[in-house]
Amino acid sequence: MGHKLLCLNLVLLLALHPSSSQHSSLPLRAVNLGNWLIIEGWMKPSLFDGIINKDLLDGTQVRLMSTKLQKYLCSENGGGTTVVANRTSASGWETFRLWRVNESSFNFRASNNQFVGLDNQGAGNGLVANSDSPSDLETFQIVRSEDDPTFIRILAPNGLFLQANSENMVTADYEGSGWEDDNPSVFKMTILKDKTIKGEYQITNGYGPDRAPKIMQDHWNTYITEEDFKFMSENGINAVRIPVGWWIAFDPTPPKPFVGGSLEALDNAFTWAQSYGMKVIVDLHAAPGSQNGNPHSATRDGSREWGDSYIPQTLSVIDFLAARYGDSSTLAAIALMNEPLGVNLESLKNYYRAGYDAVRKHSASAYVIMSSPLDKSSKELLSFIAGFEGTVIDVHYYNLFSNSFSKMNAQQNIDFITKQRASDITSLTSANGPLLFVGEWSGDWLARTASKEDHRRFVEVQVEVYSQATFGWAYWAYKCDSDYWSLQWMIRNDFIKL
Ligand SMILES: *[C@@H]1O[C@H](CO)[C@@H](O)[C@H](O)[C@H]1NC(C)=O
Ligand SMILES: *[C@@H]1O[C@H](CO)[C@@H](O)[C@H](O)[C@H]1NC(C)=O
């Protein structure tokens, strides 16, 4: 009873609030402006084309085989001790993640996260992997063969090349030259291509401080324009979800390698949305330290470090965004963190509590969007989120990323939406609970031999079912080189009509 009264009061309060007009637009029919203010290389690979050594980006995983010994380099125990050259096959300990210093100089990170460097304890030229943060001693230049760039020589910080003369030890004391197979300073480099990361960190650090600002500015100016908002509004879209990175709060001088200017682009989006009567959801997609290790979290090398020590900085980003846009009637919601994965649940709840307060400090009416971690049930935090007024729980629905979908034909995919997804939506919806948002979904699927009519139906049932979500849905994405991920393409090619 008490709760009902509270709800009634809330409804009255919201009805009286000047910006209550936003409630009439629920449920939202939104689209994600993915790959705009946070780069996801797969959505437009050509953005990376101008990078020198563009296959050697931050986080790229490499294996190095001595051509003389025909053995792989290995950081024994995954790090903490010497680097040897005696492995006939390669897996974790024989894999190194690159940190890019510039187009030719790199740090090599072993599997236990320590960096390879010269041993400054002993003779000074043995190779060890025992540094927690890279310095000059851990910085190596990769020299590639002009005939075949997969053959490399590695110049150590002492000015000499690494060589694998014996299986027990790799040393930085080779002064010769040449690319013969029996040259102990020549290594065959294998890049684990399917592990490559192409995110904001990689593109900005890849182009470097001289070139990245212009590349990024050109991208922001052209990828999404006012014309796009016009197109969206003419085609039944009434909101955008805009992924942003934590560095936007430091604009115009964010920490390296990130570059300034994305804040102005976000300001423009608010102006354009307002012109066309649309709403904006600001989504903190990349939290400091990375909350999921995925490229779209702007991770440097796939590590997920977000946790208690990052909470104050993450909150200051939310506070910054809420202060800047909290007064705008165009702001529909702020999403506190996209797709946390493998994070400590108590830390996440503490952050959500404080993040909620940070938004409320600047806006009484903006919704606050939270989600359960990806590695947990989507209901995990449902009752926690229900404890706050004006909250939304966010779920992402793709018929992808799991083996079960690869065996489904078109009808089975469609049935999965009308049965499983529909019942998931019902089970996440209750009168006293938060609103529900299907914050990401797409028209892509694995039923590749299906007809266009089947495909159209697949998209249509998703719109029908996800429209049952009380806060609405957002397609991923507006623009993408892969057609089925581009709402613009899907609309123009008659796959979707709203
Ligand atoms: C790259 O960095 C290394 C190490 O700091 C430096 O010696 C080298 O001159 C730099 N190279 C370029 C092309 O900037
Ligand atoms: C590789 O060399 C190290 C150092 O000598 C040794 O401890 C290790 O057992 C060797 N491993 C193999 C597979 O030969």
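Buried means under 20% relative accessible area, exposed over 50%, and partly exposed in between, with a 1.4 Å probe and protein chains only. By that rule Glu339, at 12% relative accessibility, counts as buried. This is a predicted model: local features need pLDDT of at least 70, side-chain atom pairs count only at pLDDT 80 or more, and totals for chains, interfaces and linings use all residues. Residues are numbered from 1 along each chain as its sequence is written, and side-chain values use heavy atoms, with hydrogens and water left out.

**View 1. Glu339 and its positive phi.** Glu339 sits in the loop between β16 (331-335) and α6 (345-362). Helices (H or I, at least four residues) and strands (E, at least two) are DSSP runs, numbered from the N terminus. Phi of Glu339 is positive, about 45°, although the residue is not a glycine. Most residues other than glycine have a negative phi.

**View 2. His396 and its partners.** His396 belongs to strand β18 (residues 391-397). With a relative accessible area of 18%, His396 is buried. Its side chain makes a polar contact of 2.6 Å with that of Glu339. A second polar contact, 2.9 Å, joins the side chains of His396 and Asp394. A polar contact is a pair of N or O atoms within 3.5 Å; within protein, one must be able to donate a hydrogen and the other to accept it, and residues adjacent in sequence count only if both atoms are side-chain atoms. Neighbours within four places in sequence aside, His396 is in contact (heavy atoms within 4.5 Å) with Arg241, Asn338, Glu339, Gly439 and Glu440.

**View 3. The Arg241–Glu440 salt bridge.** The side chains of Arg241 and Glu440 pair in a salt bridge, 3.0 Å from N to O. Arg241 lies in strand β14 (residues 239-245) and Glu440 in strand β19 (residues 435-441), so the pair ties together parts that are 199 residues apart in sequence. A salt bridge is a side-chain nitrogen of Lys or Arg within 4 Å of a carboxyl oxygen of Asp or Glu. Arg241 counts as buried at 1% relative accessibility. Glu440 is buried too, with a relative accessible area of 5%. A network of salt bridges links Arg241, Asp283, Asp394 and Glu440.

**View 4. The interface between the two domains.** Domain 1 takes in 24-47 + 198-492, and domain 2 takes in 61-195. These bounds come from an automatic or database domain assignment. The domain centres, taken over C-alpha atoms, are 39 Å apart. Six residues of domain 1 are in contact with five residues of domain 2. About 530 Å² is buried between the domains, and carbon and sulfur atoms give 31% of it. Asn205, Arg300 and Asp301 supply 76% of the area that domain 1 buries against domain 2, more than any other three residues. Buried area is the accessible area (1.4 Å probe) that two parts lose on being put together, summed over both.

**View 5. Polar links across the interface.** The rule finds two salt bridges across the interface of domain 1 and domain 2. Arg97 and Asp301 meet through their side chains in a salt bridge of 3.3 Å, N to O. The side of domain 1 that touches domain 2 has no nonpolar, three polar and three charged residues. Here Ala, Val, Leu, Ile, Met, Phe, Trp, Tyr, Cys and Pro count as nonpolar, Asp, Glu, Lys and Arg as charged, and the others, Gly among them, as polar.

**View 6. The Asp58–Arg300 salt bridge.** The closest N and O atoms of this salt bridge between Asp58 and Arg300 are 2.7 Å apart. Asp58 lies in the loop between β1 and β2 (61-66) and Arg300 in the loop between β15 (279-286) and α5 (311-325), so the pair ties together parts that are 242 residues apart in sequence. Both Asp58 and Arg300 are buried.

**View 7. Two cis peptide bonds.** Leu26 and Pro27 are joined by a cis peptide bond, with omega about -5°. Pro27 lies in the loop between α1 (2-16) and β1 (28-32). Another cis peptide bond joins Trp476 and Ala477, with omega about 10°. Ala477 is in the loop between β20 (472-476) and α11 (487-492). Most peptide bonds are trans.

Terms used: Chains are lettered from A and ligands numbered from 1 in the order in which they are written.
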